Amino acid sequence: MLKQNTINDVRGAMSPSKKADKINTVLKDRSLWLDAWHRLKQDKIAVVSLAIVLFYAVVGLLSAMGLLAANWNEVVGPSYAPPSADYWFGTDFLGRSVSRKIISGTQVAMSVGLISSLIAIPIGVGLGACAGYFGKWVDEAIVWFYTTFSSIPSIMLLMSIAFIIQKFQVEISEVFGANFDIGLFAVFIALGLTSWVGLCRLIRGEVMKHKNREYVQAADALGAGHTRKLFKHILPNVTHIIIINTSLQFQIAIKSEVILSYLGLGVSGQPSWGTMINDAKEELARGVYWQLLGATIAMFVVVLAFNILGDALRDALDPKLKGKS
Amino acid sequence: MNGNLNYIIRRLIYLIPVLLGVCFLIFILFNVVAPDPVNMMLGKHPTADQIIEVREQLGLNKSLPAQYLDIVKSAFTFDFGRSWATKQQISTMFMNGAIPSLTLTIPAFFIATFSSIIFAVIVAYFRGKGVDLFIRVTCIAMMSISSLVYILVFQYFLAYKWGLFEISGYEYGFPNFLYYVSLPILIWVVLSLGPDIRFYRTLILDEIYQDYVRTAKAKGLSERTIMFKHVLRNAMIPIVTYTVVQLPFLLLGSLLLESFFSIPGLGDMTISALNASDFPVLKAMSIVSAVAYIIFTLIQDIVYTVVDPRIKLQ
């Protein structure tokens, strides 16, 4: 199969037709990423989604730097004031502005996605690449490791890890200071440690396919070592999987934060959409719907954007999988 | 067939290292990393005698390898000892919790799977047309809302405001439980529709572009015959195997739904154990779910060969 393709490629390149030459030069000018970007640009909804994600990221960053909604803790009106021209999303129990809490919550949502990805990607890519590349006992050990990990339902693992980390409140606040948000820290670690398995599987499969391809053999013939072959040649060819996976990871992380808040394992020192939705347990019966509504809208928009972006990225970066979900 | 048998035996043997790994993970989490539970149980100022007594009761005075062996033993005998919080035998708690969980999850799972397949067939039949786009967009939109929001809103409107369902609670016995589980079932179905329809649609579309479908079309068969007699039958192979792996999770119930609606099932039990720092119950729950998961993935592989003779296990 592979040989057949190569022969066709060579024939195509040597084709005397001028038209083919022209196409070849056009294709040559575009790198893989530029090509993917052009494909992504065709999809207007995906571009809008990307803009929404970037907008949320900027809002999150600004509020983390204290430039936006830093005064969320300020009492602006009476307790549970309904939405009005003064307070767009009403006020909470303590009379704080719900709109400010929503903006400040963006910081938690985006950081949960980002940091859990930063934990999961090195583990998943590192183990997956080693398993796929070295094969043999390395592969078997790593497959055993992730089979073990994935045998326990992820919600149980997520819960247990977050729970155990929170039990170390005293020790951790000694290291990081009294103002350190142990809840948020637990959410980061628990999400990061539970979400690498899927990525690891994908990377392992893809590296396995690539390691016997001609370009890797060529690198081998030129005297490239394992590290060089793996990092310089194979990994750049599987980067798209990491990008698609990260888009998925963000929306899973944002949704999991809500569940962890419900279990009492969530963020405590600052507003988050999870705690706001969770507060609605008591508030709804009193007719107070605005915290729930505000946080749900904010979450819906960004998770939807990540969902659409994830699909579009897959179509753009991995056209073989087009239409599959 | 001989190759298949060999494969199954090898898979059965492979269960052992995986199970040992699961036990090791649970051991690391709860016996090594987790802080000493004695302090949590005895409050702030326990006497030295109390501490020694409790440690002995919990088996914490043993060496770490011995504690690990205890966990491994429990994974094979299903004897998990007693709960720290309720002092009941954990195996009894499992028996009691399984029934309410299953009354919720089994109907919910079947309704959800059946309706998702129907929607997926419709979507695949009208692929690329307006209906397809509409259902796909609705699916993604539905998946973008937190499950907790569904629970809160459905309970508020359907049960609290309009009184169509019981707000929460549970009763044993055949028609009685239905009043309490029907709203959680409805929420479960709504929650699964989005991801399931998307997934089944992909499986069906994978079949639609196969050669045999083209042959059937060339023969002059109608779209409908092709869809139901050819495509759906073949797509049932991945669909069935996909549903098989989900079965063990039915036994475990639904953490969120059960605790929210106060249904005394295994999910609710787990959440209570979490709130009470009841390690043995959490460990038992993790082990039981892992064992169930491992066994059902094996069953999935076997089912695969039974329904699809093209697949040879190696």
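Visitor: Which residue just after α4(A) takes a positive phi?

Guide: Just after α4(A), the residue with a positive phi, of about 80°, is Gly66(A). This is a predicted model, where local features need pLDDT of at least 70, side-chain atom pairs count only at pLDDT 80 or more, and totals for chains, interfaces and linings use all residues. Residues are numbered from 1 along each chain as its sequence is written, and chains are lettered from A and ligands numbered from 1 in the order in which they are written.

Chain A has 15 helices and 0 strands; helices (H or I, at least four residues) and strands (E, at least two) are DSSP runs, numbered from the N terminus. Helix α4 of chain A covers residues 44–64, 21 residues in total. From first C-alpha to last it reaches 30 Å, close to the 30 Å expected at 1.5 Å a residue, where the expected span is 1.5 Å times one less than the number of residues.

Its buried residues are Ala46(A), Ser49(A), Val53(A), Tyr56(A), Val59(A), Gly60(A) and Ser63(A). They lie on the same side of α4(A) because they cover an arc of only 145° around the axis, taken from the directions from the helix axis to the C-beta atoms. A residue is buried if 20 or more other C-beta atoms lie within 10 Å of its own, exposed if 12 or fewer, and partly exposed in between, with C-beta atoms placed from the backbone. What covers these buried residues includes α3 (32–42), α5 (98–134) and α15 (290–317) of chain A. On the face turned away from the buried side are the exposed residues Lys44(A), Ala51(A) and Leu54(A).

Conventions
Contact = placed C-beta atoms within 7 Å.
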